[in-house]
Amino acid sequence: MKTILTTAALLALAAPAFAEGDAAKGEKEFRKCKACHMIVDDEGETIVRGGRTGPNLYGVIGRVAGGVEDFRYGPGLEAAAEDGFTWTEEEVAVYTADPSAWLEQKGYPKRSKMTFRLRKGGEDVAAYLASVAE
């Protein structure tokens with residue numbers, strides 16, 4: 001039992017801490033995302049005009065992955081939706097850095113329609129997305 005607790009404690013310490021993002025920086029960083037994604041609130045008001053290749057990202061934090069009605073997701077996010085996986089700021093930041101790697105790490109098919117990788121600033125974009133839906 002002591003070994004299990006020691007191992008669990010070491011794993012917790014070894015895991016990188018999630019740095020909270022800066023929503024103001026994320027708003028600027030989101031410019032890279034709007035080629036494919038828009039942000040339109042539930043009343044239909046456009047917050048950020050963007051592309052329609054990707055789903056509307058309004059309310060993505062706290063939403064089940066693959067949860068935008070009538071949007072056709074890739075197999076990985078469809079599997080995440082079937083599992084009921086819900087987006088958090090931390091998970092959005094990791095996903096945007098490398099969608100295929102994130103899907104594979106979670107045990108989902110690693111095919112994603114999202115080919116863009118946000119190499120840095122993912123935590124800021126996630127904080128921005130959380131702030132627009134408050």
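Residues are numbered from 1 along each chain as its sequence is written, and side-chain values use heavy atoms, with hydrogens and water left out. Because the model is predicted, local features need pLDDT of at least 70 and side-chain atom pairs count only at pLDDT 80 or more, whereas totals for chains, interfaces and linings use all residues.

**View 1. Cysteine 33 and cysteine 36.** The structure holds 0 disulfides, a disulfide being a pair of cysteine sulfur atoms within 2.5 Å. The closest cysteine sulfur to that of cysteine 33 belongs to cysteine 36 and lies 8.7 Å away, which is too far for a bond. Cysteine 33 counts as buried at 13% relative accessibility, while cysteine 36 is partly exposed at 33% (buried is under 20% relative accessible area, exposed over 50%, partly exposed in between, with a 1.4 Å probe and protein chains only).

**View 2. Aspartate 41 in its loop.** Aspartate 41 sits in the loop between strand E1 (39–40) and strand E2 (46–48), where strands (E, at least two residues) and helices (H or I, at least four) are DSSP runs numbered from the N terminus. The side chain of aspartate 41 reaches the backbone nitrogen of glutamate 45 at 2.8 Å.

**View 3. Asparagine 56 in its loop.** Asparagine 56 is placed in the loop between E2 and helix H3 (75–83). A polar atom of the asparagine 56 side chain lies 2.8 Å from the backbone oxygen of valine 40, and the C-alpha atoms of asparagine 56 and valine 68, 12 residues apart along the chain, are separated by 7.2 Å.

How values were computed: Polar contact = N/O pair within 3.5 Å; in protein donor to acceptor, adjacent residues only side chain to side chain.
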